[in-house]
Amino acid sequence: MQMKNMKKQLILSGILLILLLGSLFIPRTPEKHTFDFPAMSTWAAVQFQGPVRDAENALAITQREFETVSRVCNVFDPDSEVSRLNAASPRQPVPVSPEFAELLALADQAWRHSGGAFDVTVKPLMELWGFHRKQNSAPSPAEVAATLEHVGWDKVDFDAVNRTIAFRVPGVKLDFGGIAKGWAVDRAVDAIEKETPIATGLVNLGGNIRTLAAPPAAGFYTIGITDPGAPEHTLGSVRITVGATASSGDYQRFILLDGVKYSHIVDPRTGYPARRLPGVTVIAPSAAMADWLSTAASVAPELPVPAGCTIVELPAQEAARVRGEALRFLWRQPEAAAPPDGW
């Protein structure tokens, strides 16, 4: 009897040992960590999958890159590099930092690809319409025409090789509002992938989102598309594996002049705020490209779709139009609550 009990105990102990050893080899789902914080006059939210120490390191890197971008191109900071450049209005080439040169090169590419629909020399128009200072009434056609004399990337001499810049006419001023946040997200993601083992996650800066290289276990990230008529809701969502997305529209920032609502997105070619599309969402390989392309598409719906990109146009009172590469969309009813971006 005693021998039987000992045998039974040995068997039970062996089973327990096998279970314990087996549990060591069962793949565990890495922890997911979410952080949010204010940055660049908006709100940032990041999600990383991995050990908490690595996730916290990725967070610190993200904040570092956002601060670097802000020091370069915050037009509301008189000490930023772009503010000092605008104040100096150099007619002869002056040197710029490597970071600023990187951003200027992106702005140059965006201007060329968009046919001038995206143009960082738009700041004089932003000031005229009251987006940078209070305005009570809309400017006159004569005021718009006069301001356009100081707008246009073709009035800028940028030397990417020697990292210098000069303005061909006085009064030119730069504003990177339609590309800076996307660029900041790209810098953060690139640095995280280079400096940490984190491979799965996303960085969201005010709706400018880019995923890291490895998709989550589901195989994709689900990103909500905001309903411009009811920003607290989504029209649907899109599934992407790796890439970036950004949205633009008059629901995000606008002003009222003489009782008329004007979008903060100004067409640098005409001098007037965008009125054609209430909302645009872009999916692109990089966050900077998604950022400037969503801005450009808001004023130029006829804009050709670059390779590797998708433009979702959200007209008023009409169904959404999808142009470019086909993606998998999950359309919800407009009254459905907006889900958090992520996976």
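Why does Ile209 count as buried? Its relative accessibility is 3%, and buried means under 20%, so Ile209 falls in that class. Please keep in mind that this is a predicted model. The protein chain has eight helices and 16 strands, and buried residues make up 49% of its 343 residues. Here is a friendly tour of a few parts of it.

**The chain as a whole**
- Among the contacts in the protein chain with a separation of 6 or more, 61% are between residues 24 or more positions apart.
- The accessible surface of the chain comes to about 17,100 Å², and carbon and sulfur atoms hold 56% of that area.

**Helix α7**
- Helix α7 covers residues 180-195, 16 residues in total.
- From its first C-alpha to its last, α7 reaches 22 Å, close to the 22 Å expected at 1.5 Å a residue.

**Helix α2 and its partner α4**
- The 22 residues of α2 should span 32 Å at 1.5 Å a residue, and the end C-alpha atoms are 32 Å apart, so the two values agree.
- Buried residues of α2 include Leu59, Ile61, Phe66, Val69 and Val72, along with Glu65.
- The elements packed against the buried residues of α2 are β1 (32-39), β2, α3 (81-88), α4, α7 and β6.
- The axes of α2 and α4 are 10 Å apart and meet at an angle of about 80°, which means that α2 is roughly perpendicular to α4.
- On the α2 side, the contact is made by Thr68, Val72 and Cys73; on the α4 side, by Glu99, Phe100 and Leu103.
- Thr68, Val72 and Cys73 are also listed among the buried residues of α2.

**The three-stranded sheet**
- Three strands form an open sheet in the order β3-β5-β4, with antiparallel pairing.
- Strands β3 (94-95) and β4 (156-159) stand at the edges with a single partner strand each, so one side of each has no neighbour in the sheet.
- Four bridges join β4 to β5 (residues 164-167), and these two strands run antiparallel.
- Within that pairing, Asp159 has Thr164 as its bridge partner, while Phe158 has Ile165.
- The hairpin formed by β4 and β5 has four residues between the strands, and Arg163 in the turn has a positive phi of about 55°.
- In a regular strand, side chains alternate between the two faces of the sheet.
- For β4, Val156 and Phe158 form the covered face, whereas Asp157 and Asp159 form the uncovered one.

Notes
Residues are numbered from 1 along each chain as its sequence is written. This is a predicted model: local features need pLDDT of at least 70, side-chain atom pairs count only at pLDDT 80 or more; totals for chains, interfaces and linings use all residues. Side-chain values use heavy atoms; hydrogens and water are left out. The expected span of a helix is 1.5 Å times one less than its number of residues. Buried means under 20% relative accessible area, exposed over 50%, partly exposed in between (1.4 Å probe, protein chains only). Contact means heavy atoms within 4.5 Å. Accessible areas come from the Shrake-Rupley method with a 1.4 Å probe; for residues, only the protein chains shown count as cover. Two strands pair if DSSP finds at least two bridges between them. Axes are lines fitted to C-alpha atoms, for helices over the stretch in contact, and angles run from 0 to 180 degrees between N-to-C directions. Angles under 35 degrees count as roughly parallel, over 145 as roughly antiparallel, 65 to 115 as roughly perpendicular and the rest as oblique.
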